[in-house]
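Hello,

Here is the structure we talked about handing over. Please have a look, then read my notes below.

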Amino acid sequence: MGFSVGVWGCQMAAMLLSPPHAAALMATALLGLALLPVVSGRWHWLVVKGLLLLLAASLGWGFATWRAHERLADALPTALEGQDVVVTGIVAGLPQDFERGLRFVFRVEESPQGVPRMLSLAWYKGFREDEWHVLPEVHAGERWQLTVRLKRPHGNVNPHGFDYEGWLLEQGVRATGYVRPSRANRRLDAFVPDIMNLAERARETVRGRFQQALPDGTYRGVLVALAIGDQRAISQEQWQIFARSGIAHLVAISGMHVTMMAALAAAGLGWLWRRSPWLALRWPAQQAGVVAGFLAAFGYCLLAGWGVPAQRTLFMLGCVALALILRRETAPSRVLASALLVVLLMDPWAILAAGFWLSFGAVAVLLLVGSGRLHAGGWLHEAWRAQWAVTLGLVPALLVLFQQFSLVSPAANTVAIPLISFVVTPLAVAYAVFPVQMLADIAHWVLAATMVPIEWLAALPMAQWQQAAPPPGVAVLATVGCLWALLPRGTPARWVGWAMLLPLVFWVPPRPHQGEAWVTVLDVGQGLAVHVQTASRDLIFDTGPAFSADANSGERILLPYLRALGVRRLDTLVVTHQDNDHAGGAEALLAGIPVESVLASLPENHPVRLIAGNRGQPCAAGQSWDWDGVRFVVLHPAAGSSAGRGKSNDVSCVLQVEAGGRRVLLSSDIEAVSEARLLEWAGAALVSDVVVAPHHGSRTSSTPAFVAATAPRWVIFPVGYRNRFRHPNPDVWARWVASGASLLRTDASGAIMVRLEEGEVRVGSAREAFPRYWHGQ
């Protein structure tokens, strides 16, 4: 536990210790651990335990720092960013099809100096439909020579958002990029023999079998996930059902699945072993069975993608197998602690994953409620008690990680666990090994039948509890309360545990005071999305881009962000014009959260206008309203402007927000012509403390007259890292610098938070508020 605390502390740090300091910390910790048994008899046991934890934590911190320096050293030089380079290597993971091509992990063998060992590559059919061409087939384990264009790891950084850069670091991927069209691109070897290549090729083969066996199967993606751990074919609608019903853990390769495979292998080999007197006399059947179970679990973990829950279970099974072979009795808690240590030694970044906390947390809760009981109830009673304990025990973690948990989880899991874990998963794995069509059909039929009551439960109005992300102190207090409440009957003052949950349930996140406004320009890449919050109202100004047919910033960034802030409804959604980088997430946002009104400068037949229905109206200059002492004024376009004709940028909505005598101008994608109109219509009213740069800082915007008229103290450029438009334009950037304003850009600062208070403006950024040592590395 002490070692894991040290690893966690390192991963939360903004900066790493230098290598000499990390080495000195580890050496001191090891020396202290070696000397502790010598002096432990002279000190109080509490002092000894405290020193043990401190030294172990120091060792964990030093170890994680050493591993981090080692991985960060494999970095792409900035001089190679955006340059065409020729690399030779192996397709190291499952290639994934997407709308415009395919993606895969590439392990580099030969390259110019400085190219990292692991790359994440996309191979596009083309950037426009008239450029599309057929891509060659790419399979796991193949050796290719490719011409690629790379960039350093970079992701969007938003409050409570997914840390893509941290995830890439954990995966060992130190550069991303795409394959360039070139005659030099060619396959060198059809397969490179290697245990991991063999595992990935086997996974790809199994996935292909399911695609052929169930071409129209609704739950084919779920069966693939159960068999090989590849969840990317599961639709977003299905994920929502799993989340609302609380059975998402069953779709992942969980510890239960790995244990079941090990148990089947152990029981089968043990039965055969006992049939042979010669084998039974030379090695006990029980020991032979546990070895077979461990090997089966190891093979299944490789086939399933080697996730943290699978690793944890495998290492726990390894500890149990070793204890049985050595004829030693081992406490379950020590088995769990040993698995924790091995996971962090192999992958100190695993502690950043939600699955790490949920996996180890669930097993720890089961050990708490299942150990030391003098009398066990019937199997049904024990199953209900275990399900109730896991549901309650993981509530704080689920609220911290996802800001929601399922209220129907106990009922849904009572139906799903027996059928999915003990019927569907064995059938799916059996089909992976023995591709008999009947196995795939039965597995899909049973899964479809299982989903009927699950979908009914998920559709209930109160199936899911959502609330704002709790602060760390409240979450820790609630976790302690859950553990206290789960202690056996007869434990004194168990009601105190329930009382400790009250701050979590009634937690209300802070909001602006009356007359103040918080404006957050979110980091959505090359696009725009802004959240404006007053004392009781919420507005979203643009929704960022759609990344593909199945992914958009509304679903991936805006909805999780709003949920974490405790925003359950939007008073107004403004969609400034129809360009994808501004309207791409609007449909997902309208589907994911109640919206009272929609202001949009969109053609009449646009899907957003159709979805909004009577809630929608055109955006027009002169519209204004007051919320909680905050003034909102629409400055552009002119009333009656047609959004379906001409250039869409020329009808972009422009909104000015004023609170406490301070102003923010949200200018969307207006260009020089629209800026001239604004100067004519608004004149001195354009003066603002903060301006979101028009059209991302393109060369067709931010005219000298507009810059002079707005006279801001801060200018924000919502741009994507190394975007293909090369925004912001250097001349435009220089123009704003010459005006004396402070300039910020979302690709460098992450989300930018502006606080309009009485007579004061405060500006901060997500990368400053939530720094991590890997950001920008």
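**The sheet and its neighbours**

Strand E10 (residues 517–521) runs antiparallel to strand E25 (residues 752–757), and five bridges join the pair. Strands are DSSP runs of E with at least two residues, helices are H or I runs of at least four, and both are numbered from the N terminus. Two strands count as paired if DSSP finds at least two bridges between them. Alanine 517 has leucine 756 of E25 as its bridge partner.

Before going on: this is a predicted model, where local features need pLDDT of at least 70 and side-chain atom pairs count only at pLDDT 80 or more, while totals for chains, interfaces and linings use all residues. Residues are numbered from 1 along each chain as its sequence is written, and side-chain values use heavy atoms, with hydrogens and water left out.

E10 and E25 belong to an open sheet of eight strands with mixed pairing, in the order E17-E16-E15-E12-E11-E10-E25-E26. Strand E17 (616–618) and strand E26 (760–765) are the edges; each has a single partner strand, so one side of each lacks a neighbour in the sheet. The twist averages 15° from one strand to the next.

Helix H22 (residues 553–564) packs on the sheet and touches E10, strand E11 (529–533), strand E12 (538–543) and strand E15 (570–575). Contact means heavy atoms within 4.5 Å. The direction of H22 makes about 160° with that of E12. Axes are lines fitted to C-alpha atoms, for helices over the stretch in contact; angles run from 0 to 180 degrees between N-to-C directions.

E12 is mostly covered, with six of its six residues buried (under 20% relative accessible area, 1.4 Å probe, protein chains only; exposed is over 50%, partly exposed in between). A hairpin of four residues links E11 to E12. These two strands pair in the antiparallel sense over five bridges, and valine 532 is partnered by leucine 539 of E12. E12 pairs with E15 in the parallel sense, over three bridges. There, leucine 539 stands opposite threonine 572.

**Helix H26**

In H26 (residues 672–681), Ser674, Glu675 and Leu678 are buried. They cover an arc of only 105° around the axis, so they lie on the same side of H26. The arc is taken from the directions from the helix axis to the C-beta atoms. The buried residues of H26 pack against strand E19 (630–636), strand E20 (654–659) and helix H27 (704–710). Glycine 683 follows H26, with a positive phi near 55°.

Best wishes
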